Amino acid sequence: MAKKPASEDERTLRFSHFTIEHLQENVFWIDSGAKIIRVNEATCETTGYSKEEMERMTIFDLNKTENSAQWKKSWNELRELKIKNFETVHTHKSGVSYPVEVTNNYIKFEGKEYACCLVRDLTKKKREEKLIQLISEGTAGVIGKDYFETLTKYLTLSLNVRFSIVTECMRSDKTRLKTICFAEGGNLIDNMEYDTAEFPCSKAIAGQSVFISENLEKLYPAEKGLEAYMAVPVLSPSTGEVLGHLAVFDSRKLAKEENHINILKIFAARAGAEIERKMALDKLKIANTELKLLLSDSEERFKDLFEQAPIAYVHEGLDSKFIRANRAALKILGVRVDQV
């Protein structure tokens with residue numbers, strides 16, 4: 001007997017169920033008595049509990065700071081507000097606590113009250129906030145070369161990676177780079193130039209963020225002995241042009257939670273401003289050098305014109321004292337040049 005085609009309502013229901021089950025967000029439903037009645041797959045991955053285990057638990061098993069009196073008060077607030085956001089702490093099955101952000105949505109279905117909860121693990125976010133604060137404080141009072149040296153040192157130590165570099169494009173086609181600063185651990189390494197073709201930095205120079213958690217040497221044989229890589233482009237704050245890139249890399253694998261592209265982007269923005277400032281200073285130095293040469297050349301030309309002029313010129317000070325005279329004046333005065 002042929003299977004009867006699903007109705008549109010059944011398809012919609014299955015689609016809704018599939019979507020919730022496969023969301024990356026933690027989703028679970030709680031009744032008014034704080035009992036967990038359903039969770040999705042992401043919730044199980046985050047908490048370490050199976051669905052069967054969680055559906056025998058209450059919210060108090062996850063949130064050790066919550067109690068029945070507080071829950072009653074919170075539920076009354078949710079009933080009135082319909083939606084409530086807050087941060088708290090949940091406990092993993094292993095006993096480890098971790099910070100979370102919770103959005104509770106009030107739902108009434110077939111005469112019963114429920115809360116549909118969206119929960120986000122804030123562990124990575126909180127760690128990144130601390131790292132950003134640490135690196136920002138360390139680099140706040142420095143500029144130019146000192147900024148790049150301090151930044152690369154702090155990145156290797158704070159992100160627990162072996163190498164960190166900041167580069168600058170050497171050609172208009174961006175196929176060759178020069179390291180502005182190169183650090184291994186807390187120590188600086190000599191700067192160098194290299195072509196981008198055989199390295200993952202070619203993607204960053206093309207304007208992409210790059211995160212390779214493992215097998216870096218297999219993907220890019222030129223990266224001998226290295227396993228993981230993370231990089232972002234360094235952009236001009238005034239034009240948006242790629243000026244170079246900021247990267248960290250290691251001889252060990254990097255875990256998913258060690259993908260700190262967002263941190264690199266923040267400091268790449270400051271690096272872009274410093275590179276642009278450095279370029280402006282370099283142009284100013286060149287312009288000053290050219291101006292000095294022009295002034296020197298002008299002085300030499302004036303001196304030649306003064307000395308060789310057929311008309312007598314005498315230079316006196318405001319006190320009428322003699323300062324200098326050209327050849328024609330000396331001849332009229334009967335003074336030889338070797339006597340001056």
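Start your tour at the lining of the largest pocket, where six residues are nonpolar, six polar and 12 charged. In this sorting, Ala, Val, Leu, Ile, Met, Phe, Trp, Tyr, Cys and Pro count as nonpolar, Asp, Glu, Lys and Arg as charged, and the others, Gly among them, as polar. The model on your screen is predicted, and local features need pLDDT of at least 70, side-chain atom pairs count only at pLDDT 80 or more, and totals for chains, interfaces and linings use all residues. Residues are numbered from 1 along each chain as its sequence is written, and side-chain values use heavy atoms, with hydrogens and water left out.

**Stop 1: the largest pocket**

Select T46, D121, K124, K256 and E257, which lie nearest the centre of this pocket among its 24 lining residues. Its volume is about 870 Å³, where a volume is the space filled by probe spheres set on grid points joined across faces, edges and corners. A pocket is an open set of points on a 1 Å grid over the protein atoms alone, with protein on both sides within 12 Å along at least five of seven lines, and lining residues have an atom within 4 Å of a point; a cavity is a set of points where a 1.4 Å probe fits but cannot get out. Now colour α2 (41-47), β5 (112-121) and α6 (123-139), as each supplies at least two residues of the lining. Helices (H or I, at least four residues) and strands (E, at least two) are DSSP runs, numbered from the N terminus.

**Stop 2: the second largest pocket**

Next, pick N63, E66, S74, F86 and T88, the residues nearest the centre of the second largest pocket, which has 18 lining residues. The elements giving two or more residues to this lining are β1 (26-31), α5, β3 (83-91), β4 and β5. Which of them gives the most? That is β3, with five residues. The space here is about 240 Å³.

**Stop 3: the largest cavity**

Select W71, S74, W75, L78, K84, N104 and A115 to see the lining of the largest cavity. Its volume is about 50 Å³. Helix α5 (residues 68-81) provides the largest share of the lining, four residues.

**Stop 4: aromatic rings**

Rings of Phe, Tyr and Trp (its six-membered ring) pair if their centres lie within 6.5 Å; planes under 30 degrees apart count as stacked, over 60 as edge-to-face and the rest as tilted. The count comes to eight aromatic pairs. One of them joins W75 and Y106 edge-to-face, with 6.3 Å centre to centre and 65° between the planes. This pair links distant parts of the chain, 31 residues apart: W75 is in helix α5 and Y106 in strand β4 (residues 97-109). Then show F163, F182, Y229 and F249, a cluster linked by ring pairs.

**Stop 5: charges over rings**

A charge sits over a ring if NZ of Lys or CZ of Arg is within 6 Å of the ring centre and within 35 degrees of the ring normal. Zoom in on R38, which lies over the face of W29, 4.7 Å from the ring centre. Then find R270, whose charged end sits over the ring of Y147, 3.9 Å from its centre.

**Stop 6: helix α7**

Finally, select residues 144-158, the 15 residues of helix α7. Just after α7, N160 takes a positive phi of about 55°.

Terms used:
The expected span of a helix is 1.5 Å times one less than its number of residues.
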